[in-house]
Amino acid sequence: MSQNFKLYSQYYDLLYQDKDYQAEVNYLHQLINQYRPKSTNILELGSGTGKHANLLAEKSYSIVGLERSAEMVAIANKTKTEKVDFIIADITGFQINQSFDVALSLFHVISYLTDNQSLISTFEQVHHHLNEKGLFIFDVWHSSAVNFQVPEKRTKTLQNEIIHVTRHANPIINTEQNVVVVNYAIEVEDLKDGTTTNIDELHPMRHFSRPEIELLAYATGFEVIHSEEFLSKAIPSVETWGVCYILRKL
Ligand SMILES: C[S@@+](CC[C@H](N)C(=O)[O-])C[C@H]1O[C@@H](n2cnc3c(N)ncnc32)[C@H](O)[C@@H]1O
């Protein structure tokens with residue numbers, strides 16, 4: 001395993017150490033029980049390091065996770081259980097010989113799809129892989145919050161016993177495309193040998209309004225049955241950065 005790979009995985013885990021995956025999985029389990037009880041299997045789009053998938057498996061679901069980053073899948077495979085499978089795939093174009101009761105896409109993965117064709121193609125693929133009245137649940141950046149709060153430059157510093165990370169985020173706002181390109185400059189210092197690795201990441205993120213999601217759903221064979229703030233269940237407002245949408249296959 002290369003040093004960069006080790007640092008990358010440590011950086012990822014460190015960055016999201018405060019994210020409460022168990023609370024998120026409890027929340028998702030409750031939504032699934034409410035809107036499609038007796039669901040048994042899940043397709044996860046953009047499954048990352050597999051934390052949601054492993055916890056969902058503990059709730060008796062079987063899960064297939066699709067993830068385009070081979071590094072993320074390698075991390076996910078280290079902790080996977082028998083009810084979980086991870087496949088390296090792009091969510092905008094995939095074909096697997098299985099159908100699912102529920103599709104999930106969590107932590108703004110759908111916001112990574114910044115053009116209409118990628119969105120339509122992804123929603124169509126999901127529709128194709130869902131069983132009758134299957135659910136598609138995802139969270140995305142919320143347009144009114146992005147426009148009201150306006151993303152600014154910020155710096156985050158994190159440290160554990162192995163690395164010290166400084167991450168500068170410089171957002172470039174494209175108002176005409178509903179996209180914010182977040183330019184991350186990340187400095188990872190190895191505390192054992194004092195060496196420093198610099199990582200530059202561009203994250204173009206699209207934000208959405210409910211009417212836009214309704215139109216996308218309508219065009220791809222879904223209906224929007226509910227939307228709320230992810231996790232808190234609050235009514236979306238200018239204070240709500242991440243909105244959770246629940247779509248049902250028509
Ligand atoms: C913010 S991470 C979220 C990971 C995971 N869902 C979680 O909650 O920890 C976004 C993930 O989406 C993946 N991703 C983005 N676009 C993708 C695409 N077109 N196909 C597959 N994976 C994608 C990235 O590689 C990354 O792992």
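A pocket is an open set of grid points with protein on both sides within 12 Å along at least five of seven lines. A molecule sits in such a pocket if more than half of its atoms lie within 2 Å of the pocket's grid points. The views below show a predicted model.

**View 1. The ligand sits in the largest pocket**. There are 18 residues around the ligand. Y21, G46, E67, I91 and L106 come nearest.

View 2. Now look at G46. Taken alone, the ligand exposes 590 Å². The protein buries 94% of that area.

**View 3. Helix α5 spans residues 116-129**. The helix has 14 residues. From the first C-alpha to the last, α5 reaches 20 Å. That is close to the 20 Å expected at 1.5 Å a residue. Several residues of α5 are buried, among them L119, F123 and V126. The buried set also includes S118, S121, T122, Q125 and H129.

**View 4. Strand β9 holds T197 and H207**. The strand covers residues 196-208. T197 counts as buried because its relative accessibility is 19%, and buried means under 20%. H207 is buried too, with a relative accessible area of 4%. How far apart are the C-alpha atoms of T197 and E58? They are separated by 37 Å, and the two residues are 139 apart along the chain. H207 and Y112 are 95 residues apart in sequence. In space, their C-alpha atoms are 9.3 Å apart.

**View 5. F107 has a positive phi in a loop**. Most residues other than glycine have a negative phi. F107 is not a glycine, yet its phi is about 70°. This residue is found in the loop between β4 (100-105) and α5. F107 counts as partly exposed because its relative accessibility is 29%.

**View 6. K133 has a positive phi in strand β5**. The strand runs over residues 130-142. Phi of K133 is near 55°, a positive value in a residue other than glycine. Is K133 buried or exposed? K133 is exposed, because its relative accessible area is 52% and exposed means over 50%.

Conventions:
Residues numbered from 1 in each chain as written. Predicted model: local features only at pLDDT ≥ 70, side-chain atom pairs only at ≥ 80, totals over all residues. Heavy atoms only, no water. Helix = DSSP H or I, 4+ residues; strand = E, 2+ residues; numbered from the N terminus. Expected span 1.5 Å × (residues − 1). Buried < 20%, exposed > 50% of the residue type's maximum accessible area, 1.4 Å probe, protein only. Near = heavy atom within 4 Å. Areas by Shrake-Rupley, 256 points an atom, 1.4 Å probe, with all protein chains shown as cover. 1 Å grid on protein atoms, 1.4 Å probe; cavity = no way out; pocket = protein on both sides within 12 Å on 5 of 7 lines; lining within 4 Å.
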